[in-house]
Amino acid sequence: RSKQNGILRGAYHFFHPDLDAQGQAANFLAVVLALPKGDIPPVLDVEIDGGKSAADICQGVQQWLDVVGNALGRTPMLYTMASFWNAKTGPSLAFGKYPLWVAHYTGKPAPVLPTGWTDYAIWQYSESGVMPGITGQVDLNRFNGTMDDLRSLAGS
């Protein structure tokens, strides 16, 4: 119904560095390919280290991005926060070409970006929003651009 009502949507995967990245990508694709085509690029959430080294985390992230991006013909988006990324990936500079959905809960006018990015696509600025019809708090996000920019990101 969201698409019928003009609401952009997409698919999201929480990455576990301690699990096989290829298997995670295959599982994601099995679910996503069974759904109607989404709008925003596939999103990989990277916010735990699973006890893995920076090199292992980066290798797994890249493998997931490559497999999913190639299968769907779209550049995936990365969701992370500067505090995690900078501490747990080295920080890696290899991922700045991917659109960034950054989590930084602050009242400041802009988020702190992870090393490797100069801009963000989406900023999750709060985890304590209130929405009519939803019990409990919700995340709040801002898109960094115009509605035309968002449609372009969504591939429409």
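Among contacts between residues at least 6 apart in sequence, 53% join residues at least 24 apart in the protein chain. Keep in mind as you look around that this is a predicted model. The chain has 156 residues, and 37% of them count as buried.

**Overall build**
- The C-alpha trace of the protein chain spans about 40 × 40 × 30 Å along its principal axes.
- A compact globule with 156 residues would have a radius of gyration near 15 Å, and the 16 Å of the protein chain agrees with that.

**Secondary structure**
- You will find 4 helices and 6 strands in the protein chain.
- Following the sequence, these elements come in the pattern β-α-β-α-β-α-β-β-β-α.

**How α1 packs with α2**
- Two packed helices are described by the angle between their axes and the distance between the axes.
- Here, helix α1 covers residues 21-32 and helix α2 covers residues 54-72; their axes come within 8 Å and cross at roughly 30°.
- Angles under 35 degrees count as roughly parallel, so α1 and α2 are roughly parallel to each other.
- The crossing of these two helices, α1 and α2, is right-handed.

**Who meets whom**
- On the α1 side, the residues in the contact are Ala21, Gln22, Gln24, Ala25, Phe28, Leu29 and Val32.
- Their partners in α2 are Gly60, Gln63, Trp64, Val67, Val68, Ala71 and Leu72.

Methods: Residues are numbered from 1 along each chain as its sequence is written. This is a predicted model: local features need pLDDT of at least 70, side-chain atom pairs count only at pLDDT 80 or more; totals for chains, interfaces and linings use all residues. Side-chain values use heavy atoms; hydrogens and water are left out. Axes are lines fitted to C-alpha atoms, for helices over the stretch in contact, and angles run from 0 to 180 degrees between N-to-C directions. Angles under 35 degrees count as roughly parallel, over 145 as roughly antiparallel, 65 to 115 as roughly perpendicular and the rest as oblique. A crossing is left-handed if the near helix is turned anticlockwise from the far one by less than a right angle, and right-handed if clockwise. Contact means heavy atoms within 4.5 Å. The radius of gyration is taken over C-alpha atoms; the globule rule is 2.2 Å times the number of residues to the power 0.38. Buried means under 20% relative accessible area, exposed over 50%, partly exposed in between (1.4 Å probe, protein chains only).
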